[in-house]
Amino acid sequence: MSIALRNTQRRMQVFNLRHDLYCEASGRCGCSEQTVTTLDENPMSGERRPRSVLRKVPAALTLLALETQEGLHEAVLKVPEIKRAVDGGALRVLTPTPRAQPKTTPTPDPKSKKDKERDTDK
Ligand SMILES: [Zn+2]
């Protein structure tokens, strides 16, 4: 399911979509891979040699001031920083409504009344 997030703040908010939280939950990896070169030191000889390591760089979710971004995977809510922002009101989760809502006039629920009457019959 995809959701939309609205930045309710008048400032930009950036969240890192950590691989172990976001990618695992969403089942797709949005990370980019970066090759970094490190120096490996042989503890025996003290010899140093460069080694290339592939490192995953997590994708970032950037929300400009008052921006709404749609089509986000609901797994973004697994990221603690995003969850905290939602709980604190800095972000609002908007679930898309595929169809226009039918009449929104509230109708009294006759069933609950009937249930109540039946209960008193006992
Ligand atoms: Zn990833």
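Against which strand do the buried residues of α1 pack? They pack against β2 (13–17). The model is predicted: local features need pLDDT of at least 70, side-chain atom pairs count only at pLDDT 80 or more, and totals for chains, interfaces and linings use all residues. Numbering starts from 1 along each chain as its sequence is written.

**View 1. Helix α1 (residues 19–26) and its buried residues.** L21, Y22 and C23 are buried (20 or more other C-beta atoms within 10 Å of a residue's own, with C-beta atoms placed from the backbone). Seen down the axis of α1, these residues fall within an arc of 160 degrees, so they line one face of the helix; the arc is that of the directions from the helix axis to the C-beta atoms. G27 follows α1 and has a positive phi, near 75 degrees. Helices are DSSP runs of H or I with at least four residues, strands runs of E with at least two.

**View 2. The largest nonpolar core, with 13 residues.** Such a core is a set of buried Ala, Val, Leu, Ile, Met, Phe, Trp, Tyr and Cys residues joined through C-beta atoms within 7 Å. L17, Y22, L61, V76 and I82 have the most contacts inside it. α1 gives the most to this core, with three residues.

**View 3. The open sheet β6-β1-β7.** Its three strands pair in the antiparallel sense (pairing needs at least two DSSP bridges between two strands). β6 (68–73) and β7 (91–94) stand at the edges, each with a single partner strand, so one side of each lacks a neighbour in the sheet. β1 (residues 2–7) and β6 pair over four bridges, and I3 stands opposite L72 in β6.

Conventions
A residue is buried if 20 or more other C-beta atoms lie within 10 Å of its own, exposed if 12 or fewer, and partly exposed in between; C-beta atoms are placed from the backbone. Two residues are in contact if their C-beta atoms, placed from the backbone, lie within 7 Å.
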